[in-house]
Amino acid sequence: MGTEIRTFASLKDLTEYLVDQLTQYKGLFEDYSQWLGSLLRSCEEEHKNDEWFQKSAALQKTLKAPTKKGPEAKGTGKKVDQKGNAATSVWVQSGNVLLCSTEQGQVEIMFEAIEKINEKIQELEKFKVALQQLERLGLGKTVSYVVYIEEDIPKKIVLRAKDNSDDVFKFATELSVPAILSDINS
């Protein structure tokens, strides 16, 4: 989801959400890294002497795990002109979309996706550290957390005092007995 606001009843709930997000992105990072490795191995015979392939293969070796500094997708063969359009012959502009039909193009988008995922992992890790600092402050159970989330990354937190009257469980009902039961007891 792009942008959302979620309310968490406790830091524990917020931390669980964060851990789930991290797990998903780390899994995606691993899946895409393996896919990229398979793609490069399948292209090796045909493109092993191409400059883009050699740079991509060298860069792929640095993708073992999410790092503090994301992988640099530079030098994978994609060059950009002053307008931000792809300048190499592998990409063709069609409206607002760039199209490509080569392995080089697929390798480029794989690197771009992995780089974006790694950036999200790093942002989530930073937010996790901030949450740990909040836990040390001992805000307790009297606070709920309204969190602004943009592109799956928590960006801002509003602390709201919980209304204690909401914590009290109230149950109100009326009981009606059908006339059939009263006839059986007579």
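Predicted model: local features only at pLDDT ≥ 70, side-chain atom pairs only at ≥ 80, totals over all residues.
Residues are numbered from 1 along each chain as its sequence is written, and side-chain values use heavy atoms, with hydrogens and water left out.

Let me stay with the charged pairs. Taking a salt bridge as a side-chain nitrogen of Lys or Arg within 4 Å of a carboxyl oxygen of Asp or Glu, the count comes to two. In one, Lys155 pairs with Glu123, and the closest N and O atoms are 3.0 Å apart. This pair links distant parts of the chain, since Lys155 is in strand β5 and Glu123 in helix α3, 32 residues apart; Lys155, at 40% relative accessibility, is partly exposed. Helices (H or I, at least four residues) and strands (E, at least two) are DSSP runs here, numbered from the N terminus.

In the other, Lys26 forms a salt bridge with Glu125, with 3.2 Å between the closest N and O atoms. Here again distant parts of the chain are linked, with Lys26 in helix α1 (residues 11–47) and Glu125 in helix α3, 99 residues apart. Lys26 is partly exposed at a relative accessible area of 38%, and Glu125 is partly exposed at 25%.

Helix α3 (residues 103–137) also holds Phe127, which counts as buried at 10% relative accessibility. Leaving aside neighbours within four places in sequence, Phe127 is in contact (heavy atoms within 4.5 Å) with Leu14, Leu18, Pro154 and Ile157. The C-alpha atoms of Phe127 and Leu18 are separated by 8.3 Å, although these residues are 109 apart along the chain.

Turning to the sheet, three strands form an open sheet in the order β1-β4-β5, with antiparallel pairing, where two strands pair if DSSP finds at least two bridges between them. Strands β1 (3–8) and β5 (153–161) stand at the edges, each with a single partner strand, so one side of each is left without a neighbour in the sheet. Six bridges join β1 to strand β4 (residues 143–150), and the two run antiparallel; within this pairing, Arg6 stands opposite Val147 in β4.

Technical notes
Buried < 20%, exposed > 50% of the residue type's maximum accessible area, 1.4 Å probe, protein only.
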